[in-house]
Amino acid sequence: MFSRRHPRLTSWLGGLVLLLALPLQSQAAAPQYPIVLVHGIYGFDALLGVDYFYRIPQTLRAMGVKVYVAQVSQANSTEVRGEQLRQYIQAVLVHSGASKVNIIGHSHGGPTARYVASVSPEIVASVTSIGGVNWGSRFADFLRGQIRPDSFTEWLVRIGMEGLAGAIATLSGNPAAPQDALAMAESLTTRGSVAFNQRYPEGMPGYYCGSGRKWQNGVAYFSWSGSGVFTNGFDLSDYPLSLTALVFNEPNDGLVASCSTHLGQVIRDNYRMNHMDEVNQVFGLVSWFETNPVTLFRQHAERLAQHGL
């Protein structure tokens with residue numbers, strides 16, 4: 001009766017119902033394998049109720065993704081952190097029943113993830129490096145160059161850095177994590193990174209600022225990063241990052257040069273994001289004129305699913 005009297009209105013309402021139903025019907029598939037998120041230096045899974053990957057695990061889980069957030073040493077060499085991550089992933093495989101994981105590492109978490117994929121490729125489906133220190137950091141070179149080895153200043157700085165790392169580890173529930181600030185610093189320098197790349201070359205470009213092989217040993221490699229520094233005046237971390245960026249003579253995110261972050265398939269290296277924005281910190285205060293970092297993680301989960309990962 002209603003449809004005969006108002007055919008156009010009925011048609012319009014039917015179209016509206018169909019339009020509203022489309023998002024439910026076209027919901028993206030989740031990746032086949034769990035995602036393991038890996039923090040950078042002085043990182044954590046959650047600290048005083050705040051996630052390192054701010055709002056990202058919750059967003060991915062809402063998509064149906066199995067998400068685990070690793071805890072490794074806040075300050076130590078890439079190999080030490082890598083072994084800790086490898087053991088963590090083995091526990092994830094037992095817990096989840098999966099045969100492999102997708103690893104997403106931020107900053108020092110990038111080479112940390114690469115270590116696992118290099119020594120145990122059979123348990124890794126993909127490695128994604130976000131703002132990864134893959135060719136080293138000029139800022140780490142600068143700091144290392146200012147402190148004479150085996151000096152009192154070096155000892156004092158080491159005690160302070162390891163004290164901070166230990167405090168973060170304790171507050172985030174991992175007090176036994178070993179800390180070695182000098183080993184961390186050496187791993188993040190250009191010299192230390194190049195030496196690491198010679199031992200674990202998978203996914204790395206053959207030359208600086210190039211692209212690496214997307215697939216190696218059955219593992220897919222991806223990367224993205226930012227080249228913005230001051231992106232949101234309300235974010236207090238933007239101010240020190242604006243200072244650290246001054247040691248670079250090329251596009252960077254405040255701590256790592258864009259070209260240094262390249263690994264495997266480079267999705268993009270010039271998002272308007274600084275090093276903290278890349279993981280939606282601090283408290284989601286990121287640029288209003290760029291794709292939200294949470295959206296990038298969601299899109300990447302869809303990308304992994306499309307690759308059967």
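Modeller: Buried means under 20% relative accessible area, exposed over 50% and partly exposed in between, computed with a 1.4 Å probe on protein chains only. This is a predicted model, in which local features need pLDDT of at least 70 and side-chain atom pairs count only at pLDDT 80 or more, while totals for chains, interfaces and linings use all residues. Residues are numbered from 1 along each chain as its sequence is written, and side-chain values use heavy atoms, with hydrogens and water left out.

Colleague: Is C259 buried or exposed?

Modeller: Its disulfide partner (a disulfide being a pair of cysteine sulfur atoms within 2.5 Å) is C209, with the sulfur atoms 1.9 Å apart. C209 has 32% relative accessibility and therefore counts as partly exposed. C259 has a relative accessible area of 14%, so this residue is buried.

Colleague: What is the handedness of the disulfide of C209 and C259?

Modeller: The structure holds one disulfide. The torsion about the S-S bond of C209 and C259 is about -45 degrees, so the disulfide is left-handed.

Colleague: Which residues is F230 in contact with, leaving aside its neighbours within four places in sequence?

Modeller: F230 is partly exposed, at a relative accessible area of 37%, and lies in the loop between β8 (219-226) and α10, where strands (E, at least two residues) and helices (H or I, at least four) are DSSP runs numbered from the N terminus. Taking contact as heavy atoms within 4.5 Å, and with those sequence neighbours left aside, the partners of F230 are D238, Y239, S242 and R272.
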